[in-house]
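Here is a friendly briefing to read alongside the coordinates. Please keep the viewer open as you go through the points.

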Amino acid sequence: TYEKIWLVAAMVLIVGFIATITYGAVGPGIAMVDDDGGSIDPDAIGDHERFGDTGVEHVGGNEYEVAVVAQAWSYFPDEITVPANSEVTFYVTSRDVTHSFSVVGTNINTMVIPGEVSQMTVEFDEPGEYGILCNEYCGAGHHDMEGKLNVV
Ligand code: CUA
């Protein structure tokens with residue numbers, strides 16, 4: 001009957017919407033991952049293999065990894081310096097509430113959620129200075145939550 005056809009069509013649409021949303025959340029370049037096979041304990045970040053020691057790590061060739069912890073209302077570290085012509089993978093987590101990690105003038109703009117790791121890889125060809133901002137309201141100091149990225 002027609003009713004059955006409409007029911008199936010509605011189901012297909014709903015599945016399609018869910019697939020679109022999921023794709024948006026884990027789409028190209030940005031992934032929410034568990035770094036160590038489980039979730040990160042925000043209270044034990046200091047002991048975490050990656051986030052216990054934040055900052056830039058040269059992992060070979062032109063590849064760099066940057067570990068950042070967001071915490072009301074700062075980023076640790078709050079200044080990041082990488083060389084030009086590099087491929088940089090950011091790993092960002094939060095110690096308290098949901099923040100964002102957004103690098104003005106690039107396509108880096110991700111939510112940062114306690115217990116999860118936001119990972120994104122970006123190539124920086126030219127030297128430049130970029131502001132890092134929090135786009136997710138996180139309390140009284142939200143508007144002052146910022147950092148700096150230097151490509152030298
Ligand atoms: Cu952190 Cu807004």
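The notes below go from the overall fold to single residues and pairs.

This is a predicted model, in which local features need pLDDT of at least 70 and side-chain atom pairs count only at pLDDT 80 or more, while totals for chains, interfaces and linings use all residues. Residues are numbered from 1 along each chain as its sequence is written, and side-chain values use heavy atoms, with hydrogens and water left out.

**Overall fold**

- The protein has one helix and 11 strands, where helices (H or I, at least four residues) and strands (E, at least two) are DSSP runs numbered from the N terminus.
- Reading from the N terminus, the order of elements is α-β-β-β-β-β-β-β-β-β-β-β.
- Of the contacts with a separation of 6 or more, 59% are between residues 24 or more positions apart; a contact here means heavy atoms within 4.5 Å.

**Surface and burial**

- Buried residues make up 34% of the 152 residues, with buried meaning under 20% relative accessible area, exposed over 50%, and partly exposed in between (1.4 Å probe, protein chains only).
- A nonpolar surface patch is formed by Y2, I5 and W6, which together have about 460 Å² of accessible area.
- Patches are made of residues with over 30% relative accessible area and no salt bridge; like charges are joined within 9 Å, and nonpolar side chains (Val, Leu, Ile, Met, Phe, Trp, Tyr) within 5 Å.

**Salt bridges**

- Side chains of opposite charge can pair when their charged atoms come close.
- The structure holds two salt bridges, each defined as a side-chain nitrogen of Lys or Arg within 4 Å of a carboxyl oxygen of Asp or Glu.
- One of them joins the side chains of R50 and E65, at 3.0 Å from N to O. R50 sits in the loop between β1 (30-33) and β2 (55-60) and E65 in strand β3 (residues 63-71), so this pair ties together parts that are 15 residues apart in sequence.
- E79 and K148 also form a salt bridge, with their closest N and O atoms 4.0 Å apart. Since E79 is in strand β5 (residues 79-82) and K148 in strand β11 (residues 146-151), the pair ties together parts that are 69 residues apart in sequence.
- Both partners are partly exposed: E79 has a relative accessible area of 43%, and K148 has 31%.

**Cysteines**

- The structure holds zero disulfides, a disulfide being a pair of cysteine sulfur atoms within 2.5 Å.
- C134 is buried, with a relative accessible area of 6%, and C138 also counts as buried, at 10%.

**Around strand β9**

- S118 lies in strand β9 (residues 117-124) and counts as buried, with 1% relative accessibility.
- A polar atom of the S118 side chain lies 2.6 Å from the backbone oxygen of M111.
- I113 is found in the loop between β8 (109-112) and β9, where I113 is partly exposed at a relative accessible area of 23%.
- T98 and I113 are 15 residues apart in sequence, and their C-alpha atoms are 4.7 Å apart in space.

Methods
Accessible areas come from the Shrake-Rupley method with a 1.4 Å probe; for residues, only the protein chains shown count as cover. A polar contact is a pair of N or O atoms within 3.5 Å; within protein, one must be able to donate a hydrogen and the other to accept it, and residues adjacent in sequence count only if both atoms are side-chain atoms.
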